[in-house]
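Hello,

Here is the structure you will be taking over. My notes on what was found follow below it.

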Amino acid sequence: MCSVRADGSMSLIWAPLFPQEMADQLLLKMAEKGILNDTSIGIFQNCKELRLRRASIRGCPLSAEAFHTTICPHRLLELDASRVSGGLTGADVVSGLSSSPECRSGLQRLSLSGLQLDWESLEEEGVARVGFSSLQGLRALNLSNTDTSDAVLEDICNLPHLETLDISCTPVSQLTALTGCRNTLRALVAHRLRQLDMPPASLLFVFSHLNALRHLDFSDDHFAEDDGDGRDGDEVVRQLLEGSPQLLPSLVSLDLSGRKRVSEDAIRAFVESRKSLIFMGLLATGVSACDAVSSQKNLKVTGEANEDQVCEALGRYGERECFVREALVHLYNLTTDAGQPQPDMLKLVVSGMRSHATSLHVHLVATACVFNLTTQDLAEAMPVRLLSSTVTQLLHAMKTFPRHQQVQKNCLLALCSDYILQDVPFDKYLAATLVINWLSSHEDPTLQRMAVAVISILVAKLSTEETAKLSKDVFIMKQLLAIVQQKAMVGVVDSTLKFALSALWNLTDEMPAAARNFIQCQGLELYEEVLESYYNEPSIQQKVLGLLNNISEVEELQSDLMEEDLLEHILSLLKDPQLEVGVRYFAGGILAQIASRPEVWMLDEELRGAVLQQLHESITTWTQPEREMVSYRSFHPFCPLLQTRQPPGVQLWAVWAIHLVCSQNTSHYCSMLEKEGLTELLKALASHPDTHGDVRGLSDGILRLVEQHQRRFSAPAVWLHRSV
């Protein structure tokens with residue numbers, strides 16, 4: 001859809017006139033997906049068809065040149081350039097916006113959170129310095145986590161319409177300049193001003209002039225270890241709480257979270273004197289349980305007294321690691337015995353993880369909260385899309401903190417859910433590799449069992465391409481075989497052993513590379529021992545034989561199975577009428593594949609004759625199991641067995657297997673038969689004069705199932721036509 005300009009930026013070859021809001025949404029979505037950069041942002045140079053008004057380039061790698069060329073020509077009302085990387089500075093943004101007459105007068109909201117302003121860089125380049133006051137239309141300005149100085153603040157306070165200002169976590173030391181916008185300023189966010197150097201009386205004097213102020217955030221980071229103990233700020237808070245309502249008379253929202261010296265008496269006095277109050281921030285103050293607060297039904301509060309307060313904190317403080325961490329600790333304690341699904345709460349936890357993607361403190365508690373909120377049956381009541389994004393964040397945590405045992409354990413506990421693993425879409429290949437890597441350095445029996453269970457289910461869910469990629473990793477094969485050997489040495493029959501055997505079985509399904517790795521890792525010798533030592537355990541035998549069946553389908557590896565003792569043991573399983581059909585079925589599959597190629601048979605011919613005879617005799621006694629016993633990626637391994645030249649025993653095993661799965665899942669497997677061309681092989685087999693009657697009967701039965709499926713499949717088209 002794009003061509004490339006001489007400067008390397010992209011341009012849409014053709015574009016309709018986009019609705020203005022759609023252009024904003026396109027830019028936002030590109031930013032959120034991580035695909036907005038100097039190259040792709042070029043499409044927005046087309047200001048006629050793609051008109052931006054509310055632009056977000058948050059967190060994107062953009063240069064000053066790309067910003068000036070692409071964003072500044074638009075008639076912007078709002079711009080979010082928070083945490084932009086790629087060399088763009090706050091000075092670049094202000095200079096570029098000031099160069100546009102439309103932006104100078106029309107821009108109303110600007111966020112530069114997390115950027116360096118770096119005015120000096122413009123002066124070094126000989127560019128005339130401009131200030132925020134050049135953007136005369138500004139009403140809201142966010143400069144949190146920037147290098148905003150006292151001089152910059154003075155310039156900002158010359159803005160004639162400024163209503164909202166965020167100077168959190170900046171090196172501002174004086175707030176006197178705020179009196180310059182006392183008639184317009186309605187919201188001041190001054191969280192964690194650690195370099196504030198004003199005596200309480202001077203600060204209260206400034207506040208006393210802000211008669212239009214409705215929201216004041218004077219919260220603090222109680223985890224911070226930088227200079228200053230915040231005593232002056234705490235004294236200001238005390239006097240503000242206990243002072244006259246004539247101080248900040250318009251105030252309806254006050255945030256004091258993180259302040260360590262707030263008393264219940266002061267809070268009570270403040271709340272009782274401010275009847276119009278709608279919000280108070282009291283997280284990490286120790287007073288959020290104050291009765292004066294809890295008795296106000298219309299007052300929203302951030303704190304730790306109950307779930308509502310904690311969720312309010314997570315919703316309001318998403319960008320502040322200190323408060324997210326604090327709120328999550330309390331949320332964990334509140335949800336330890338969660339009885340009802342709470343998707344809104346889970347959404348807040350995931351949002352906190354996403355906002356602080358590299359914070360160990362946040363992820364340590366958040367992953368534990370995820371487990372509490374999705375354990376047992378709670379996950380099934382959650383929206384699938386929410387669970388999908390939740391698992392994505394869990395995988396991010398596992399990838400980001402690979403050596404932190406508790407984070408890994410929390411993620412594994414949350415992942416170990418049949419519903420999540422079976423029904424929720426997420427990157428299952430990534431999950432499998434992360435869990436396998438974790439497994440290599442942990443031997444706790446409970447966690448090992450869960451890890452192997454997760455791997456077993458995930459491997460079965462991978463696409464053919466993903467399984468092929470995973471199966472080439474010898475490390476994975478060694479890890480799973482080590483678990484089998486560990487259990488087999490002591491003769492244990494438990495879920496860990498069964499899951500490990502299932503995972504190995506799925507890994508080698510139509511995967512020659514995995515089958516070769518299995519043999520190279522001495523898996524064949526181990527499986528021969530397991531087959532003999534677990535003779536009375538059909539569930540173990542079936543999984544072992546299933547994998548050996550996969551190996552027997554690889555022509556180049558059939559010679560590795562040419563061991564007389566092994567084949568005679570498998571033959572004895574085939575013949576034993578006391579064994580379950582599942583065990584005898586997979587034993588028959590191995591023998592059918594090996595016996596189908598006389599050119600590679602290296603043992604006594606009498607044994608091959610016995611194999612072919614027993615195949616035919618045994619299969620005729622089998623009854624079809626009611627539950628699903630086996631599934632197939634494709635029918636390709638059956639093609640050699642269905643040739644008319646094959647012995648009846650080999651053919652009979654193949655047609656019995658196909659008839660079994662087609663009977664149990666007709667739609668899926670009949671479609672597969674047609675797609676892969678096996679119906680033609682079956683027709684040839686059924687019509688050949690030398691085909692045994694037993695083989696012909698099952699072949700005809702399969703073809704009837706296919707015919708019935710075709711009729712059912714075509715019926716809806718007729719019905720739709722009639723309804724029209």
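**The largest cavity**

Helix α15 gives the most to the lining of the largest cavity, with 4 residues. Please keep in mind that this is a predicted model. α14 (360-374) and α15 (384-400) each supply at least two residues of that lining. The residues around the largest cavity are Val 370, Thr 374, Leu 387, Thr 390, Val 391, Leu 394, Ala 414 and Ile 420. By class they divide into 6 nonpolar, 2 polar and no charged. The space inside the largest cavity is about 40 Å³, and the count of cavities of 30 Å³ or more comes to 1.

**The largest pocket**

The largest pocket holds about 1100 Å³ of space. It is lined by 42 residues, and the closest to its centre are Ser 113, Asn 142, Ser 144, Asp 166 and Glu 319. Its lining has 11 nonpolar, 16 polar and 15 charged residues.

**Nonpolar cores**

There are 158 residues in the largest nonpolar core, and Leu 328, Tyr 585, Phe 638 and Trp 653 have the most contacts inside it. Helix α29 (residues 648-664) gives the most to this core, with 11 residues. Leaving aside residues up to four places away in sequence, Phe 638 touches Tyr 632, Trp 653, Ala 654, Ala 657, Ile 658 and Leu 678. A second, separate core has 92 residues, including Leu 76, Leu 153, Leu 165 and Leu 216.

**The annotated domain**

An unreviewed UniProt entry lists residues 352-707 as "domain: Protein zer-1 homolog-like C-terminal". Over residues 352-707 the chain is 70% helix and 0% strand, with the end C-alpha atoms 55 Å apart.

Regards

Conventions. Residues are numbered from 1 along each chain as its sequence is written. This is a predicted model: local features need pLDDT of at least 70, side-chain atom pairs count only at pLDDT 80 or more; totals for chains, interfaces and linings use all residues. Side-chain values use heavy atoms; hydrogens and water are left out. On a 1 Å grid over the protein atoms alone, a cavity is a set of points where a 1.4 Å probe fits but cannot get out, and a pocket is an open set with protein on both sides within 12 Å along at least five of seven lines; lining residues have an atom within 4 Å of a point. Grid points are joined across faces, edges and corners, and a volume is the space filled by probe spheres set on the points. Ala, Val, Leu, Ile, Met, Phe, Trp, Tyr, Cys and Pro count as nonpolar, Asp, Glu, Lys and Arg as charged, and the others, Gly among them, as polar. A nonpolar core is a set of buried Ala, Val, Leu, Ile, Met, Phe, Trp, Tyr and Cys residues joined through side-chain atoms within 4.5 Å. Buried means under 20% relative accessible area, exposed over 50%, partly exposed in between (1.4 Å probe, protein chains only). Contact means heavy atoms within 4.5 Å. UniProt positions are given in the numbering used here, feature names are shortened, and annotations may be inferred rather than shown by experiment.
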